[in-house]
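We will visit a ligand and then a cavity.

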Amino acid sequence: MIEFTKDLILHFSIILSLGFMYNFLWMQKRSIYKKQVFKAAILATLLLTMALPVRFDGGIQFDLKLIPVFIAFFYLSRTDGFLLVAVLLLLQSLVGIERLPVTAVNYTVILILFISIERIYKDTTINKKIALGLFVYALITSTRLAAMINSGNGQDYLYLLVFSVVSFVALSVSIYIIEMTNLQLKMMHELHKAEKFSAISQLAASVAHEIRNPMTTIRGFMQVLQGERNLNDNQNMFISISLQELDRTQTIIDNFLSLAKPNTGSMAKVNLSGLLKETVDFMRSYSHLANTELVEGIDKNLCVKGDAHEIRQVFINILKNGIESMPGGGSMYIIAKLDRDYVKVQFRDEGVGMNQEQLDRLGHPYYSTKEKGTGLGMMISYDIIQRMRGRILVDSEEGKGTTFTILLPFG
Ligand code: ADP
Ligand code: MG
């Protein structure tokens, strides 16, 4: 009994050390060969647990070799999992060749099981991962129990149960440590990105601000020139075109500044119907160039509270993305109507669509699948709509198309 407890504690610590090892390696700032070192650690764990199996009074022995295989498979790569099983079988043939066929069959089944849950495992939450671990353990324990009863050692089931619970707890704690490490790394990464983004946008805003002053001077002189009497028709035309272009540049800079420095203050009543129609008309020439068509059904007099510049920016971003998602051409449908207390604006395209992973990343800074994309459009749009107390819903199917639905409080 004491031997058994000792063995259990030993195995528990060996397995836990894998989790801590992962945390230690991945948190290092310096570039060390973390993957290689971790692989070596997994291999060492496998050797240790096989060399020092837990023995019962009844004579049967168990070890925890499944756990290193589990961790190698799900946290390194499928190939590493396979390789580790190959090493495991090699070792088994050294320590007890008579058990090799059974082990080989067991681990083939386990690998098939792992492959079939791999996709689910990778996209799920920590709790569900632990539940999947429990599922694997429950399966294995029941087959072990069946084997025990078969070999006439059924009375030892209590040992098996304790052993399984302990190893399951060890596995769960290791999964938890590894997942927490990954989460922490991801958060650090995002924080870093957010900092970089705010630095860049502040810089850009100050540059845009600086450009405004000389432009005002140029505009002033051009206006003086326009007042000259002895100009010919051509000169007059050039000057008025220059003034128009200057105004256009000014609007672009203003738009940009409102993006870089969102002015949360202005919440005026905006006629969304007019604004949307105007924006769709504005985007029409762009959509024709891309061989796509914009079809609209916009109800009249839909009003919301917000900043017209910002709302237009959201519409432009979504329209542009929709048009860009249809490289082979197609139609985009824009519908706006009242839905209870909300103004509902829907943009449906027939483009390439997005899978779950892409949907999850949508709206994160710099997430773009386009060669010349900035990956900022959706982030800014989410931000603007959120500040207006609205919501953006996305429904997408790969190869079929995407629907963006914006809900804004009517007012
Ligand atoms: P950008 O357009 O510069 O890439 P966005 O923030 O506007 O940045 O969009 C981020 C990414 O989201 C795009 O690169 C694209 O992969 C995806 N996306 C956005 N809208 C659509 C859409 N309507 N159809 C398919 N993918 C889209
Ligand atoms: Mg875009």
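For the class counts on this tour, Ala, Val, Leu, Ile, Met, Phe, Trp, Tyr, Cys and Pro are nonpolar, Asp, Glu, Lys and Arg are charged, and the others, Gly among them, are polar. This is a predicted model, where local features need pLDDT of at least 70, side-chain atom pairs count only at pLDDT 80 or more, and totals for chains, interfaces and linings use all residues. Residues are numbered from 1 along each chain as its sequence is written, chains are lettered from A and ligands numbered from 1 in the order in which they are written, and side-chain values use heavy atoms, without hydrogens and water.

Start by selecting ligand 1.

Next, show the polar contacts (pairs of N or O atoms within 3.5 Å). A polar side-chain atom of K370 sits 2.7 Å from an oxygen atom of ligand 1. For M378, a polar backbone atom is 2.8 Å from an oxygen atom of the ligand.

Now move to the cavities, sets of points on a 1 Å grid over the protein atoms alone where a 1.4 Å probe fits but cannot get out. Which residues line the second largest cavity? Select D63, L64, K65, L66, Y107, Y137, I140 and R144; a lining residue has an atom within 4 Å of a point. This lining comprises five nonpolar, no polar and three charged residues.

Conventions. A polar contact is a pair of N or O atoms within 3.5 Å; within protein, one must be able to donate a hydrogen and the other to accept it, and residues adjacent in sequence count only if both atoms are side-chain atoms. On a 1 Å grid over the protein atoms alone, a cavity is a set of points where a 1.4 Å probe fits but cannot get out, and a pocket is an open set with protein on both sides within 12 Å along at least five of seven lines; lining residues have an atom within 4 Å of a point.
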